[in-house]
Amino acid sequence: MRAESLSFYGTPGLVDMPTAGRLGDGNLAFTTSTYGPVVRNTLTFQISPRLLGSFRYAAQGPFLRPDSEFYDRSFDLHFLLREEDDVWPAIALGLRDFGGTGIYSGEYLVASKWVTPRLQLTGGIGWGRFAGRGAMDNPLGILDERFDVRPELDTRTGEVTFDQWFRGDAALFGGVQWKVTDQLTFVAEYSSDTYPRESRFALEEQSSPYNFGLSYRFKSGADLGLYSLYGNKVGFRFSYVIDPARPRVPGGQEVAPPALLPRATVASQSWNLSAPGRRVIGAREVLRGRLAEQGVRLTGYSAHGDRAQVRIENLAYHASAQAVGRTARVMANTLDAGIERFDVTLTERGVPITTITVRRADLEELEHDLEGAWHSLARAEIADAFGTTRAAQVPGVFPRFSWGFSPYTAVSLFDPDEPFRYELGVQLDAAWEPRSGMIFSGRLRKELTGNIGSATRRSDSVLPHVRSDSVLYARESDIAISHLTGEYFFRPGDDLFGRFTFGYLEPMFAGASAEVLWYPAQSRLALGAELNYAAQRDYDQLFGLRDYDVWTGHVSAYYDLGHGYHGQLDVGRYLAGDWGATITLDRRFDNGVKVGAFATFTDVSFDDFGEGSFDKGIFVEVPLSWLTGQPSRRVVGQTIRPILRDGGARLSVRNRLYGVVAPHRGTHLDNGWGKFLR
């Protein structure tokens with residue numbers, strides 16, 4: 001059962017009350033709604049077919065006093081207990097604002113049933129915020145008398161309020177949804193929410209428990225709603241739903257790969273008729289030029305007997321398999337007809353990662369096969385690249401220098417004085433690679449306009465100010481060095497990868513970082529360890545250092561849970577000297593879109609951590625190719641932290657090994673194999 005409408009809270013619902021609906025699996029929904037002085041902005045993600053999560057940022061004012069505004073952050077979970085069938089309704093269980101200030105805190109059990117193809121009925125029971133009107137004794141009290149009383153809300157924001165769930169008085173709610181047309185929907189509900197806190201200052205007293213509204217859904221995914229609320233207000237809602245599994249430009253707009261040529265045609269090409277020495281050089285240079293046209297850089301080449309080996313850098317394609325497929329086709333159209341096996345080694349940051357062996361005969365046989373890509377995966381040999389490639393380095397690849405000049409944007413969210421702050425400017429990037437695996441790079445930024453630096457709030461943290469002084473860094477820096485580092489990437493052994501980085505590592509810290517990663521080629525599991533020495537930089541983000549330094553480090557486990565879900569556990573010491581662990585869970589789609597959440601718990605107490613109680617957040621990453629349809633490895637993304645504090649803060653080292661290696665290993669490589677022949 002899919003949600004036919006989203007509520008004012010940005011979750012499946014009628015107006016204020018929930019339904020037992022859901023979004024399409026993996027869908028993202030962005031909602032903004034207004035009710036008098038209350039404005040809610042919600043990001044909702046259908047984590048799995050049954051589990052939905054939401055993050056909400058609401059502005060309410062005046063709230064605590066007549067001349068104040070109040071900004072609230074909250075998280076919801078909505079779990080579909082059972083799907084609707086011919087007899088039984090869909091049933092869902094929900095937690096609203098279970099990890100925030102508790103202003104919206106409430107729990108519910110709700111059932112929804114389509115009694116005709118266009119008419120849906122909903123009824124439910126709720127606790128907490130849902131028990132404001134028509135309250136009755138908690139029916140769960142028959143199980144345990146502790147359910148009869150709801151404890152007072154703990155004012156420490158950010159903690160999960162387990163002791164309040166499903167406790168205290170309960171109340172009933174319900175409503176109806178009628179699809180007038182496929183795009184126009186009418187909703188009506190009886191609401192059990194009396195807005196007790198908001199009504200103290202911000203809202204007029206409600207004159208009715210009934211809400212009514214109309215919503216119109218556009219084919220683009222946008223949804224507009226207009227509502228009559230509680231007998232005395234008019235409300236507005238705008239929602240936009242996207243399906244990350246479906247790119248904005250279906251099919252992509254890249255140039256088609258070259259068609260395979262008959263072997264006789266390939267054999268008659270001039271470089272294949274040359275003397276043996278010139279044949280190798282000629283084939284290599286033609287191969288190099290043709291691969292460059294496909295967005296692939298040739299860094300190594302050798303041919304022995306019936307086997308040719310190449311090392312490549314994928315410059316254009318989000319899916320590594322697409323670069324491998326195009327490379328194999330170019331090799332088949334270029335190299336001597338007697339070469340039967342192509343070894344393609346994917347490299348990143350100058351080091352070999354994974355070698356894929358493709359048979360020429362398989363390319364020819366499967367070129368027009370409807371399932372050719374997946375059959376080619378079954379026939380390909382995939383192995384760790386350490387010690388497997390003898391491809392000689394192509395002359396002129398190293399040393400090399402690159403640079404770029406571009407605009408940049410930066411945003412700062414959730415400052416109570418100004419919830420949205422921004423910065424626009426220009427940046428200069430430069431990199432010098434004297435040899436394979438060694439990179440010296442830097443970024444210089446110049447702000448042109450913005451208001452991040454105008455923030456006046458100062459940190460009240462009792463911990464070392466490793467992150468909470470971000471306002472001072474924004475205010476004091478005009479021309480800033482974002483990073484200026486030397487990096488060395490290497491292979492210590494089979495399935496092992498290493499990195500060493502030193503210099504100005506990030507905007508707030510300089511120092512040195514060493515890391516090792518174990519990641520077998522076809523494994524779901526990877527293990528890593530990292531050790532860092534970090535010294536805090538001056539606020540102007542140039543070359544000076546402050547008098548704070550710290551040793552930090554983590555051991556990490558990464559695991560592919562299947563079906564696009566990935567988990568990560570990092571255990572170790574953080575920048576403020578605290579010890580603890582970070583748990584990350586994300587969902588990755590085959591096209592590269594990634595949505596996830598993380599939480600960090602350390603030995604810093606909730607009181608010492610301050611507002612928010614512990615570090616947590618959500619993140620979204622979208623490949624540029626998903627938006628434009630053009631080949632690109634660039635990714636745009638945003639991490640949303642309800643609040644930035646010092647506890648649980650980790651050093652932001654560029655090019656951590658798992659992010660470098662993972663696109664070319666295991667299921668990351670396999671899941672993109674559908675583009676092998678694209």
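**Strands, cores and a pocket in a predicted model**

Strand β1 (residues 28-35) and strand β12 (residues 233-242) run antiparallel and are joined by eight bridges. This is a predicted model, in which local features need pLDDT of at least 70, side-chain atom pairs count only at pLDDT 80 or more, and totals for chains, interfaces and linings use all residues. Residues are numbered from 1 along each chain as its sequence is written, and side-chain values use heavy atoms, leaving out hydrogens and water.

**Strand pairing**

- Strands (E, at least two residues) and helices (H or I, at least four) are DSSP runs numbered from the N terminus, and two strands pair if DSSP finds at least two bridges between them.
- Alanine 29 has valine 241 of β12 as its bridge partner.
- Strand β11 (residues 222-229) is also antiparallel to β12, with eight bridges joining them.
- Glycine 225 stands opposite arginine 237 in β12.
- Three residues lie between β11 and β12 in their hairpin, and tyrosine 230 in the turn has a positive phi of about 50°.

**Nonpolar cores**

- A nonpolar core is a set of buried Ala, Val, Leu, Ile, Met, Phe, Trp, Tyr and Cys residues joined through side-chain atoms within 4.5 Å; buried means under 20% relative accessible area, with a 1.4 Å probe and protein chains only.
- The largest nonpolar core has 38 residues, and Leu287, Leu335, Ile356 and Trp673 have the most contacts inside it.
- Elements that each supply at least two residues of this core include α3 (276-293), α4 (320-334) and β15 (341-348).
- Helix α4 gives the most to this core, with seven residues.
- Leucine 335 touches residues including Val266, Tyr301 and Phe342, not counting residues up to four places away in sequence; contact means heavy atoms within 4.5 Å.
- Another core, of 23 residues, lies apart from the largest one, and Leu28 and Trp626 are among its residues.

**Helix α4**

- Helix α4 has 15 residues and reaches 21 Å from its first C-alpha to its last, close to the 21 Å expected at 1.5 Å a residue; the expected span is 1.5 Å times one less than the number of residues.
- Because 15 of the 15 residues of α4 are buried, this helix is largely enclosed by the rest of the structure.

**Second largest pocket**

- The second largest pocket has a volume of about 810 Å³.
- Its lining has 33 residues, of which Phe75, Leu77, Ala597, Phe598 and Ile618 lie nearest its centre.
- A pocket is an open set of points on a 1 Å grid over the protein atoms alone, where a 1.4 Å probe fits, with protein on both sides within 12 Å along at least five of seven lines; lining residues have an atom within 4 Å of a point.
- Grid points are joined across faces, edges and corners, and the volume is the space filled by probe spheres set on them.
- Strand β29 gives the most to this lining, with six residues.

Key
Buried < 20%, exposed > 50% of the residue type's maximum accessible area, 1.4 Å probe, protein only.
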